[in-house]
Amino acid sequence: MLAYLVAVWLLLAGLYGVITSRHLVHLVLCLGVMQASTYVLLLAIGWRDGGAAPIYADIPPNTPVVDPVVQALTLTDVVVEATVVAVLLALTVQAHKRFGTSDPDALGALRG
Amino acid sequence: MSARARLVLGLGSLAGLGALLVWAVGGLPDFGHPRGPYADLAPRIMLDERHVANAVTGITFDLRGFDTLGEELILFVAALGAAVLLRALRTEGTIEAAAAYEERRGPGTADALRALGAVLVGPTLLLGIYVVVHGALTPGGGFQGGVLLAGALLLVYAAGQVAAVERVRPVSLVEVADALGAAAYTLVALAGLVFGVAVMDNVLPYGTTGSLLSGGTVPVLSVAVGVEVTAGVTLILSEFVDQMLLRSRRED
């Protein structure tokens, strides 16, 4: 139960950061915090009380384990987040070069 | 909209969203008791039918292998996109000149850091290769090991060997490896169509659980992803390092 609320809190804290951000790098990292809430949510849904890690290298084959499907989903989630952050930071570098500022408020007007 | 008005509107919306989400938490499955059949079935399928000990890697490269194909291509396109974006403005001089300048300027890092970075490169590479090839057996897999391997390059950089970074990263080789990793995964996916019944069909013999080549196509795909992730992350990181080199030269 607490883990679900942690996910909610991470989403809200990240979104607050995005709304109030005064720097594009800060904004991208806040987006990362928001996405971290999905990791917590996925892993919390798959948790089984007393479950072992879903790796049968050194445990008997009938041991109860936590849900590996959501863990695989989390892996996908992490990779997608890393790629999104890479492209957004590259855009930030370009924006700073072109407009001389990283303040999202100062980038209000679109210019060609 | 003024910053103040936006903050007030934002806080109001956040409070509303938070209330809705906390309400929604009440409808989630009880913590500690995963709902649905797959939590129990997926590890059994991976162990009994595919002979894969690590259920997470097995699901990533077999049951959800088609999703991972998309994920792999996302990484490929993102590395391409970051490289294209960061190379657009090369009017600032060449990277080689900036690296040579950085070299002349001398190391800005302490000797202890330089030595530690150099010492850790070998073990990091070894650990990365181990994690990639043992993906079907122990925690790890292509994605995790690939990031470790790319991290070795970052260690060289952290050790202050900027010029060395430029030398150990022949850009064309990294780009070719990136494309080869993506192509290898796609070809293995299509092999299912040729030798089996459907795309991503696991067409190789499953082997014995616990041996290095158990799981049919799972370890093959793990290595393909390892190559792709190593090259993709290396490409992204080095493009950012290039930007910083150009920048530090401009500011001096």
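What share of the contacts in chain B between residues at least 6 apart in sequence join residues at least 24 apart? In this predicted model, the share comes to 74%, and the sections below describe the two chains, the places where they touch, and a few residues that deserve a careful look.

## Confidence in the model

The predictor assigns the complex an ipTM of 0.86 together with a pTM of 0.88. For chain B the mean pLDDT is 85, and 88% of the residues score at least 70. Among the elements of chain B, helix 1 has the highest mean pLDDT, at 93, whereas helix 8, which covers residues 162–168, has the lowest, at 65.

## The fold of chain B

Of the 252 residues in chain B, 40% are buried.

Helix 7 of chain B, which runs over residues 142–158, has 17 residues and reaches 24 Å from its first C-alpha to its last, a span close to the 24 Å expected at 1.5 Å a residue. Because 14 of these 17 residues are buried, helix 7 of chain B is largely enclosed by the rest of the structure. Just after this helix comes Gly160(B), which takes a positive phi of about 85 degrees.

## The nonpolar core

The largest nonpolar core contains 69 residues, and those with the most contacts inside it are Ile59(B), Ala79(B), Ala82(B) and Tyr185(B). Helix 10 of chain B gives the most to this core, supplying 11 residues. In soluble globular proteins, nonpolar side chains tend to be buried together.

Which residues is Ile59(B) in contact with, once its neighbours within four places in sequence are left aside? The list includes Ala42(B), Met46(B) and Arg64(B) from chain B, and also Pro68(A), Val69(A) and Ala72(A) from chain A.

## Chain A and the contact between the chains

Chain A has three helices and zero strands, and from the N terminus on its elements run α-α-α. The radius of gyration of chain A is 19 Å, while a compact globule of 112 residues would have a value near 13 Å. Along its principal axes, the C-alpha trace of chain A spans about 60 × 25 × 15 Å. Buried residues make up 27% of the 112 residues in chain A, and 52% of its contacts with a separation of 6 or more are between residues 24 or more positions apart.

Where the two chains meet, chain B contributes 44 residues and chain A contributes 39 residues. On the side of chain B that touches chain A, at least two residues each come from helix 1 (3–25), helix 2 (38–49), helix 3 (55–63), helix 4 (65–87) and helix 10 (217–251) of chain B. The residues on this side of chain B divide into 31 nonpolar, nine polar and four charged.

## Two loop residues with positive phi

His51(B) lies in the loop between helix 2 and helix 3 of chain B, and although it is not a glycine, His51(B) has a positive phi of about 60 degrees. Is His51(B) buried or exposed? With 21 other C-beta atoms within 10 Å, where 20 or more are needed, His51(B) counts as buried.

Met200(B) is found in the loop between helix 9 (171–195) and helix 10 of chain B, and its phi is near 70 degrees, a positive value in a residue other than glycine. Met200(B) is buried too, because 24 other C-beta atoms lie within 10 Å. Leaving aside its neighbours within four places in sequence, Met200(B) is in contact with Gly65(B), Phe66(B), Ala189(B) and Gly192(B). Met200(B) and Leu28(B), by comparison, are 172 residues apart in sequence and 33 Å apart in space, C-alpha to C-alpha.

How values were computed: Residues numbered from 1 in each chain as written. Chains lettered and ligands numbered in written order. Predicted model: local features only at pLDDT ≥ 70, side-chain atom pairs only at ≥ 80, totals over all residues. Contact = placed C-beta atoms within 7 Å. Helix = DSSP H or I, 4+ residues; strand = E, 2+ residues; numbered from the N terminus. Nonpolar A, V, L, I, M, F, W, Y, C, P; charged D, E, K, R; others polar. pLDDT = per-residue confidence, 0-100. Expected span 1.5 Å × (residues − 1). Buried ≥ 20, exposed ≤ 12 C-beta atoms within 10 Å, placed from the backbone. Core = buried A, V, L, I, M, F, W, Y, C linked by C-beta atoms within 7 Å. Rg over C-alpha atoms; globule rule 2.2 N^0.38 Å.
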